[in-house]
Amino acid sequence: MSGLIWRPTWKIVLVAALACALAATLILSPRLIRVYRVLTMFEEDVIVENFLHIENVFPLATMTASPEPFRFEHGDPISLPNEFPYQSEIINTQAHFAETNTTGLLVVHNGKIALEDYYRGHRAEGHHISWSMVKSFVSALVGIALAEGAFESIEDPITRYVPKLKGSGYDGVRIKDILQMSSGVKFNEDYGDFHSDINRFGRLLAMGGSLDDFAASLEREVEPGTRHHYVSIDTQVLGMLLVRTTGQSLTRYMEEKLWHPLGMEYPGYFVVDDDGMELALGGLNAALRDYAKLGYLYLNGGRLDGRQVVPEQWVKDSVTPDAPHLLPGADNPLSTTPWGYGYQWWIPTDPDGEFMAVGIYNQFIYVYPRKSLVIVKNTANHHYNEDRDRYKGIDLALFRAIASSIQKLSR
């Protein structure tokens, strides 16, 4: 046998060559690794880790912690309700948290922490991706920029300030219609559909493509200002507006106008594309208490510690649907959702003055001014696309149950 020469078959040679090529690709192409992580980001075994450590997936830009941090005091503690009603069901709170991979819950009542719980590796100093909750932060920045004269009016067409969008679906669209998710742009926001526009956008981000170019590629579907249709790229366009009118990156502008003035205790991180443009529609990463500070700011009409951070009228306008297509209601033929909408803030069904910042996979900043209540919830719900309206409705029912229990305790 020692005199025989072993000659590998063509199949073995091919497999070996492919293995070598794959190894070289993984070493030489971090973008392909990023694409793989994006494609598997929401799978059950990795979703929590990805939401808590997005830095392992995307490049980030940093906002420093405030040099003068604002810290909520601790007030009288409350306990979560063991169960609460949702439609015809009774939901067990801890079972719901387990099913949906809840990672953090913070309740601020009368400006003091009444409850703060962390699960599944999250912690007070840890960061969790906001997804679309950041849209409400971007709205606040637009209000500040308007008040400071960076641009003239939200009645102006976006293309007056962002000429790159000429010839696109955004050509001539009012800034106000973009704020109200009524741009008329054609867009499929279904995260469960591999071929949807939002998933195409995610893959483009992973491959290092330009977010600005993607926005400029979209087309019009209906007349702007006539239908409420959720288009995440609308917020990306608002980010483009801020960058071009303030002369600063979104990271630096938010650090100066919101992050430091709100006394954020921890750094904040923005997902960026390979050109350094922030993922304005969903890329903020922050600590639970720091998310709560935006809710607390809006609870108090844009003021914090005696300082008007966001104009009071902007806050009111932001949470007030002012046209038929923006009103909450399951029977609204002019809207694709039963929830109402303001300037990048949601108005839930049957509202009692409540408003919310909401992100996919069940991220919430819930604000209830009549009860002086702010609730922040971080979640990594891998079941989200199975019935997103149900999960969103259950969390709203939980927040209202917490509000009800606090009211009983305060009597």
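Two strands are said to pair if DSSP finds at least two bridges between them. Helices (H or I, at least four residues) and strands (E, at least two) are DSSP runs, numbered from the N terminus.

The structure is a predicted model, in which local features need pLDDT of at least 70, side-chain atom pairs count only at pLDDT 80 or more, and totals for chains, interfaces and linings use all residues. Residues are numbered from 1 along each chain as its sequence is written, and side-chain values use heavy atoms, with hydrogens and water left out.

**The chain as a whole**

The protein chain contains 13 helices and 16 strands. Its C-alpha trace spans about 95 × 50 × 50 Å along the principal axes. A compact globule of 411 residues would have a radius of gyration near 22 Å, and the 23 Å of the protein chain agrees with this; the radius is taken over C-alpha atoms, and the globule rule is 2.2 Å times the number of residues to the power 0.38.

Of the 411 residues, 57% count as buried, where buried means under 20% relative accessible area, exposed over 50%, and partly exposed in between (1.4 Å probe, protein chains only). Among contacts (heavy atoms within 4.5 Å) between residues at least 6 apart in sequence, 68% join residues at least 24 apart.

Strand β15 covers residues 363–368, and because 6 of its 6 residues are buried, it is largely enclosed by the rest of the structure. In a regular strand the side chains alternate between the two faces of the sheet. Both faces of β15 are covered: Gln363, Ile365 and Val367 are buried on one side, and Phe364, Tyr366 and Tyr368 on the other.

| Strands | Sense | Bridges |
|---|---|---|
| β14 (residues 355–359) and β15 | antiparallel | 5 bridges |
| β15 and β16 (residues 373–379) | antiparallel | 5 bridges |

Gln363 in β15 is the bridge partner of Gly359, while Ile375 in β16 is the bridge partner of Tyr366. The hairpin of β14 and β15 has 3 residues between the strands, and Tyr361 in the turn has a positive phi of about 60°. In the hairpin of β15 and β16, 4 residues lie between the strands, and Ser372 takes a positive phi near 50°.

**Helix α7**

The buried residues of helix α7 (residues 197–207) include Asp197, Ile198, Phe201 and Leu205. Those buried residues pack against α2 (30–39), α8 (211–216), α9 (232–246) and β8 (268–271). Gly208 follows α7 and has a positive phi, near 90°.
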